[in-house]
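Keep the viewer open as you read.

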Amino acid sequence: MTPAERLQAVAEASGLGPEVDQIGQALRLDQADKMVENVIGLFQVPLGIATNFLIDGRDILIPMATEEPSVIAAASNGARMARGGGGFVTSSTGPVMRAQIQVTGVFDPYGAKHLILEHKDELMKMANDKDPLLVKYGGGAVGLEVQVIDSRVGPMVVAHLLVDCRDAMGANAVNTMAEALAPTVERITGGRVYLRIISNLADRRLARARAVFPKEDLGGEEVVDGIIQAAALAEVDPYRAATHNKGIMNGITALVLATGNDTRAVEAGAHAYAARAGLYSSLTRYEKNSNGDLVGTIELPVAVGLVGGATRVHPVAIGAVKLLGLKSADDLSRIVAAVGLSQNFAALRALSTEGIQRGHMTLHAKNIAAQVGAKGEQIDIIAAKMAAEKKITMDRAAELLRELEA
Ligand code: MEV
């Protein structure tokens, strides 16, 4: 299909009709100029649709913004293999974020910790008074925790304000609250507050997904065993875990970006969560069930929102949110988890069978052919030839183009 035909197919499959056109529109320069500073242009990234996703019983088309070949195909492939086991099933903790208030210069840190906790109700009320709209929608401060941390420059008392952010990513809401609380925390403790800022280790905003991949659909029990072997290394070896999690983030970042959310916040949260036990480990687990099928699970913090930020400004993000049929930011976070699991499963399956280079190289060859100036059909002919020869270089592509045009 051409991109226009695909857009039409998405309009029909999603039932959105012409409304889906928004997703094919570009950000305008005047819009960009209001988003960040010193704008001089736009940087465009391909937007594709991953298919086959069945999540909590709902068929969902996944918009993915990525520059990396094979990612969208792999996500779709993984989702196809999950369908036989009923697709992805998700759950979450709900959208609670943390703000940290760092208190320094106290003589009795444990005493200061207790003093802060004795003022919990007052501090939480003060936080909620800063955001009546969030409270109206059922969110707001839900807790206060205090840690005493020994650092290189002495003990510190760190208060964590826990805030249910509902459909907001929450950085603005919790940062405003933390700043508002700081003078009172100083008065209560007699210390000096420096940092007042969100924590991106959003361990109270976890999203989870689970899928059963039937062994027959994967290519047999040997493939199941290979995936379990590969995943086991990522659990205990940070060198492998980094690559394993990078593959997960290939899918997650693409979806988070397509919805106009903060990719760095989600990435920071994911990697910090992966290291929470003191050893950087993988975000997924794979096991064999009693039937010999593969069971994959993922759990990670996913701080995404549907209000604020680029989500309500960028036309593609607005279209992406519509396409996903979201009712809440929590819905989005669980879809994000499912996409991460699918992406990871597809990579592990390829790695434990034929390797990823064959599929990857065909796409890479198309890129190279286009780069030397091949057009339309020429791209496919040159790419197929280079892939068959296993020689995918700019020189060879240029040579083949010259032959075609001779
Ligand atoms: C490439 O972008 C991602 C992979 O390396 C992930 C993995 O090794 O699991 C294929």
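Let's start with a single side chain: Asp380 is partly exposed, with a relative accessibility of 41%. Its salt-bridge partner is Lys366, and the closest N and O atoms of the two sit 3.7 Å apart. Lys366 belongs to helix α14 (residues 357-371) and Asp380 to helix α15 (residues 377-389), 14 residues apart, so the pair counts as a link between distant parts of the chain. Lys366 is partly exposed too, at 34% relative accessibility.

Keep in mind throughout that this is a predicted model.

## The chain as a whole

Stepping back, you're looking at 406 residues, 47% of them buried. The secondary structure runs to 16 helices and ten strands. If you box in the C-alpha atoms along the principal axes, you get roughly 80 × 55 × 40 Å. The accessible surface is about 19700 Å², and carbon and sulfur atoms own 53% of that.

## Three domains

The chain splits into three pieces.

Side chains of opposite charge can pair when their charged atoms come close. In this chain, the count of salt bridges comes to 22.

One of them joins Glu19 and Lys322, at 3.3 Å from N to O. These two are 303 residues apart: Glu19 is in the loop between α1 (3-14) and α2 (29-35), and Lys322 is in helix α12 (residues 315-324). Both ends are partly exposed, with Glu19 at 42% relative accessibility and Lys322 at 32%.

Another salt bridge pairs Asp56 with Arg334, where the closest N and O atoms are 3.4 Å apart. Here the sequence gap is 278 residues, from the loop between β1 (47-55) and β2 (58-65), where Asp56 sits, to helix α13 (residues 329-351), which holds Arg334. Buried or partly exposed: which is Arg334? Arg334 has 16% relative accessibility, so it counts as buried, under the 20% cut-off. Asp56, at 37%, counts as partly exposed.

## Asn175 and what it touches

Now find helix α7 (residues 171-189), which is where Asn175 sits. Asn175 has a relative accessible area of 17%, so it's buried. Which residues does Asn175 contact once you set aside its neighbours within four places in sequence? Those partners are Ile197 and Ile198. Arg196 is worth a look as well: 21 residues from Asn175 in sequence, but 6.6 Å away in space, C-alpha to C-alpha.

## Two positive phi angles

Most residues other than glycine have a negative phi, and most peptide bonds are trans. Two residues to check against that background are Asn52 and Arg166, with positive phi values of about 75° for Asn52 and near 50° for Arg166.

Where do they sit? Asn52 is in strand β1, and Arg166 is in the loop between β6 (154-164) and α7. Asn52 is partly exposed, at 28% relative accessibility, and Arg166 is partly exposed as well, with a relative accessible area of 33%.

Terms used. Residues are numbered from 1 along each chain as its sequence is written. This is a predicted model: local features need pLDDT of at least 70, side-chain atom pairs count only at pLDDT 80 or more; totals for chains, interfaces and linings use all residues. Side-chain values use heavy atoms; hydrogens and water are left out. Helices (H or I, at least four residues) and strands (E, at least two) are DSSP runs, numbered from the N terminus. Buried means under 20% relative accessible area, exposed over 50%, partly exposed in between (1.4 Å probe, protein chains only). Accessible areas come from the Shrake-Rupley method with a 1.4 Å probe; for residues, only the protein chains shown count as cover. Domain bounds come from an automatic or database domain assignment. Contact means heavy atoms within 4.5 Å. A salt bridge is a side-chain nitrogen of Lys or Arg within 4 Å of a carboxyl oxygen of Asp or Glu.
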